[in-house]
Amino acid sequence: MERIAVIDFETTGMSPAQNARPTEIGVAIIEGERIVERYQSLMNAGAWIPPFIEQLTGISNAMVRSAPPVAQVMAEVADFVGDTPLLAHNAAFDAKFWDAELELLRRTRRQAFACSLLLSRRLLPEAPSHKLGNLNHWAGLPSTGQAHRALADAEMAANLTLHMAGQLRRRLGLGEVSHAYLCSLQKLSAAKVRALFKA
């Protein structure tokens, strides 16, 4: 598999449009058939974390207060990722935060996002749930640590993507699964993907 940066944000809310800000980012870079590099950091955006989010993620206001500034972390992680194609589980969520935080640095994303959630719905329709942790457990993939922490979730999405790429190679006889191919596949209807596998 080509090099892909799998990212995950933990945040104070659902959307930058509602003034939510990131509290943590994790990146797992996949290449070939494994994770080859990782990046993780808490970050301080000066935003208050509501109690239910603290409970969900285990990231407290006190932890974030002593974390490096959001601008520093986002500059570091953007340099770390560079122009590597991006992927996230429910990419619509993470892409909003990635783009909003880069905009504050006067930087712009140049690469596309693939979405392991959309891909899993098309490639693993028999799974009882398409939530990330449930999918990984169902597929028998390794535990990566505490759910709702950025690096653990990025690694889960990375392992899931490698699992799905392996299925594509076996079922369709593909030599290489590219990021562009994943992006095109996630736009197809489930029926078209089923037809592809039967062809």
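**Ground rules.** I count two strands as paired if DSSP finds at least two bridges between them. Helices (H or I, at least four residues) and strands (E, at least two) are DSSP runs, numbered from the N terminus. The model is a predicted one, so I noted its limits: local features need pLDDT of at least 70, side-chain atom pairs count only at pLDDT 80 or more, and totals for chains, interfaces and linings use all residues. Residues are numbered from 1 along each chain as its sequence is written, and side-chain values use heavy atoms, with hydrogens and water left out.

**Entry 1, the sheet.** I began with E2 and E3, which run antiparallel and are joined by 8 bridges. In that pairing I found Ile30 opposite Ile35 of E3. Next I looked up the whole sheet: it is open, has 5 strands in the order E3-E2-E1-E4-E5, and its pairing is mixed. E3 (34–42) and E5 (113–115) are the edge strands with a single partner strand each, so one side of each has no neighbour in the sheet. From one strand to the next, the twist averages 25 degrees; for angles, axes are lines fitted to C-alpha atoms, for helices over the stretch in contact, and values run from 0 to 180 degrees between N-to-C directions.

For contact I use heavy atoms within 4.5 Å. Helix H3 (residues 70–81) lies across E1, E2, E3 and E4, and runs at about 170 degrees to E3. Helix H5 (residues 116–123) also packs on the sheet, where it touches E4 and E5, and its direction makes about 40 degrees with that of E5.

Which strands pair with E1? I found E2 (residues 22–31), antiparallel over 8 bridges, and E4 (residues 86–88), parallel over 2 bridges. Val6 has Ala28 as its bridge partner in E2, while Ala5 has Leu86 in E4. I then checked burial (buried is under 20% relative accessible area, exposed over 50%, partly exposed in between, with a 1.4 Å probe and protein chains only). In E1, 8 of the 8 residues are buried, so the strand is largely enclosed by the rest of the structure. Ile4, Val6, Asp8 and Glu10 point one way, and Ala5, Ile7, Phe9 and Thr11 the other.

Thr11 sits in E1 (residues 4–11) and has a relative accessible area of 6%. A polar atom of its side chain lies 2.6 Å from the backbone oxygen of Gly13. Beyond its neighbours within four places in sequence, Thr11 contacts Arg21, Pro22, Thr23, Ile53, Phe93 and Phe97.

Buried or partly exposed? Lys96 is partly exposed, at 45% relative accessible area. Its place is in helix H4 (residues 91–104), and apart from neighbours within four places in sequence, Lys96 contacts Ser15 and Pro16.

Cys115 is buried at 5% relative accessible area, and Cys183 is buried at 11%.

Technical notes. Polar contact = N/O pair within 3.5 Å; in protein donor to acceptor, adjacent residues only side chain to side chain.
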